[in-house]
Amino acid sequence: MAEKITIGDYTVTVLSDGYSNLPPSAYPGADFSRLPGLLEDNGTYRIRIGAHLVQGPAGTFLIDAGAGEFSMPFPAELAEANGLSNPPQHMASAGNLPAALAAAGVAPGDVTAVFVTHLHLDHVGWLMKDGAPYFPNATAYYGAEDWALLVDAVADDDPTRVLMRQAAEAGILRTYEPGDHELLPGLSVLHVPGHTPGHVVIALESGNQKLWFTGDLIELPTQLTDRHIHFMTDVDRDLATEARDRLFAQAKKEQIVIAAAHLTSPSFRKITDDDTWTDATADAVTA
């Protein structure tokens, strides 16, 4: 069942494209022996790959676009390095976003914009399919600072490079303007580099309620109180930590709902006065 939450006049739905099984080494600084219940029996931390569907007065749009039709076997060397005797078959598997959209009653042509938090493959995978835009009426927005590192600087056959160059040729891409600003009525972009150079948070506000789509700025629930936990692909750990500190403080003060790209159970969270997570979906609608 898809999780939903209402923010003023908007409905936000969690869309699942697949999953990734990540080893403990993906989270430098995390001591999983002190975090009971987070790891699966096979020793990995399972996260959702997907997107968020937003429907309201400004239209129908997505935050991120899943990984596309993608499957990656779990590397043997990674299993050995993490002491995993029975690793999962796949490190990542995706391709379910079309079915998730259909279950929400949305066709690809209904989507008019995709607001990408950053240019990692698991956030842009469905921008294109078979060389053509999967969302034929949508413009895709991204942080310009990501292009040099995540597209130009990688190998010619890198999936992200191939996909983003196809998207550029198709004319569907736009970059966010510099600085924090409004994208659509009630929807704003906040520049928060750290995980990647061009990483953004998308802020939704309606009816005196606020929700932040934080992308990969938050990768593990315990980052709420442990500043020493990072993620393996963070390009600037200090910047990412500073951004989390700043956003956590504001989210706590203003009771802003946080929707991180990969956190589940719950997928929508608030921060309590004693610095713990609480489920923000008490009044959510499920389907």
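The model is predicted, so to speak of local features pLDDT of at least 70 is needed, side-chain atom pairs count only at pLDDT 80 or more, and totals for chains, interfaces and linings use all residues. Residues are numbered from 1 along each chain as its sequence is written, and side-chain values use heavy atoms, with hydrogens and water left out.

**Stop 1: strand β15.** Select residues 209-215, which form β15; helices (H or I, at least four residues) and strands (E, at least two) are DSSP runs, numbered from the N terminus. In β15, 5 of the 7 residues are buried, meaning under 20% relative accessible area with a 1.4 Å probe on protein chains only.

**Stop 2: its partners.** Ala203 has Trp212 as its bridge partner. In the hairpin, 2 residues lie between the strands, and Gly207 takes a positive phi near 60°. Next, show β16 (residues 257-260), parallel to β15 through 4 bridges; here Phe213 stands opposite Ala259.

**Stop 3: the crossover.** Show helix α6 (residues 237-254): β15, α6 and β16 make a right-handed β-α-β unit. With the strands pointing away from you, the path from the first strand over the helix to the second runs clockwise.

**Stop 4: the core.** Pick Tyr27, Trp212 and Leu220, which touch the most other members of the largest nonpolar core, a set of 34 residues. Such a core is made of buried Ala, Val, Leu, Ile, Met, Phe, Trp, Tyr and Cys residues joined through side-chain atoms within 4.5 Å. Helix α6 gives the most to this core, with 5 residues.

**Stop 5: the largest pocket.** Centre on His120, Leu121, Asp122, Met232 and Thr233, the nearest to the pocket centre among 26 lining residues. On a 1 Å grid over the protein atoms alone, a pocket is an open set with protein on both sides within 12 Å along at least five of seven lines, a cavity is a set of points where a 1.4 Å probe fits but cannot get out, and lining residues have an atom within 4 Å of a point. The pocket holds about 630 Å³ of space.

**Stop 6: the largest cavity.** Finish at Ala51, His52, Ile63, Asp64 and Ala261, the closest to its centre of 13 lining residues. This cavity holds about 60 Å³, and β3, β15 and β16 each give two or more residues to its lining.

Key: Buried < 20%, exposed > 50% of the residue type's maximum accessible area, 1.4 Å probe, protein only. Pairing = 2+ DSSP bridges. Points joined across faces, edges and corners; volume = space filled by probe spheres on them.
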